[in-house]
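Colleague: I am new to reading structures. Please take me through this one, feature by feature.

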Amino acid sequence: MNKIEHIGIAVSNLEEAIKTWETLLSTPCYKKETVASEKVDTAFFKTGESKIELLGATSEESVIHSFIEKRGQGLHHVAFEVDDIRAEMQRLRDAGFRLLQEEPKRGADNKLVAFLHPKNSNGVLVELCQSVSK
Ligand code: ZN
């Protein structure tokens, strides 16, 4: 696995959170994107080599909505950049990790993504992401 590509943070009010993180990081949000399949709005910030991804629910059926109901706002996932997501998924399956999906899916920011079940990684939801050309 390569660098930490981004850290995902679940927020209850995306517009307010964008202002907070623009001030905190002293950098503007460079991209906002809705991932309709996940019912989330995302907002991205660059910070050095990595990014911060804010995640806001667009509906009560969103996983972000239930996450905040259960655990409150805060750290949602850590995403690692990989060169070959399918190979990495197979490597982790062989090592006994459970993946939340069989096949990579299209995520925000032109990425193919897959998630590992947090039970296998000390309670941290881990995302693998591979950049795809536009
Ligand atoms: Zn993410």
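Modeller: Start with the names: helices (H or I, at least four residues) and strands (E, at least two) are DSSP runs, numbered from the N terminus. P28, for example, lies in the loop between α1 (14–25) and β2. This is a predicted model, with residues numbered from 1 along each chain as its sequence is written. Local features need pLDDT of at least 70 and side-chain atom pairs count only at pLDDT 80 or more, while totals for chains, interfaces and linings use all residues; side-chain values use heavy atoms, with hydrogens and water left out.

Colleague: Is P28 buried or exposed?

Modeller: Buried means under 20% relative accessible area, exposed over 50%, and partly exposed in between (1.4 Å probe, protein chains only). P28 has 55% relative accessibility, so P28 counts as exposed. P28 and A10 are 18 residues apart in sequence, and their C-alpha atoms are 18 Å apart in space.

Colleague: In what order do the strands of the sheet run?

Modeller: Two strands pair if DSSP finds at least two bridges between them. Here 8 strands form an open sheet, and the order is β2-β3-β4-β1-β5-β8-β7-β6, with mixed pairing. β2 (31–35) and β6 (105–107) are the edge strands, each pairing on one side only. From one strand to the next the twist averages 35°; for such angles, axes are lines fitted to C-alpha atoms (for helices over the stretch in contact), and values run from 0 to 180 degrees between N-to-C directions.

Colleague: How many bridges join β3 and β4?

Modeller: β3 (residues 40–47) and β4 (residues 50–57) pair over 8 bridges in the antiparallel sense. One of the residues to look for is T47, whose bridge partner in β4 is S50.

Colleague: What lines the largest pocket?

Modeller: On a 1 Å grid over the protein atoms alone, a pocket is an open set of points with protein on both sides within 12 Å along at least five of seven lines, and lining residues have an atom within 4 Å of a point. The largest pocket has 31 lining residues, and V63, H76, H77, F115 and L125 lie nearest its centre. Two or more lining residues come from each of β3, β4, α2 (63–71), β5 (74–81), β6 and β7 (111–116). α2 gives the most, with 6 residues.

Colleague: Of which classes are the lining residues?

Modeller: Ala, Val, Leu, Ile, Met, Phe, Trp, Tyr, Cys and Pro count as nonpolar, Asp, Glu, Lys and Arg as charged, and the others, Gly among them, as polar. The lining of the largest pocket has 15 nonpolar, 8 polar and 8 charged residues.

Colleague: What contact does the side chain of H76 make?

Modeller: A polar contact is a pair of N or O atoms within 3.5 Å; within protein, one must be able to donate a hydrogen and the other to accept it, and residues adjacent in sequence count only if both atoms are side-chain atoms. The side chain of H76 makes such a contact with the side chain of H77, at 2.8 Å. H76 is in strand β5 and is buried, with a relative accessible area of 13%.

Colleague: Which residue caps the N-terminal end of α2?

Modeller: S62 does, with a side-chain oxygen 3.1 Å from the backbone nitrogen of I64. Just after α2, G72 has a positive phi of about 85°.

Colleague: Where is N110, and where is N122?

Modeller: N110 is in the loop between β6 and β7. Its phi is near 55°, a positive value in a residue other than glycine, and N110 is partly exposed at 23% relative accessible area. N122 lies in the loop between β7 and β8 (126–131). N122 is not a glycine either, yet has a positive phi of about 55°; N122 is exposed, with a relative accessible area of 79%.

Definitions and conventions: 1 Å grid on protein atoms, 1.4 Å probe; cavity = no way out; pocket = protein on both sides within 12 Å on 5 of 7 lines; lining within 4 Å.
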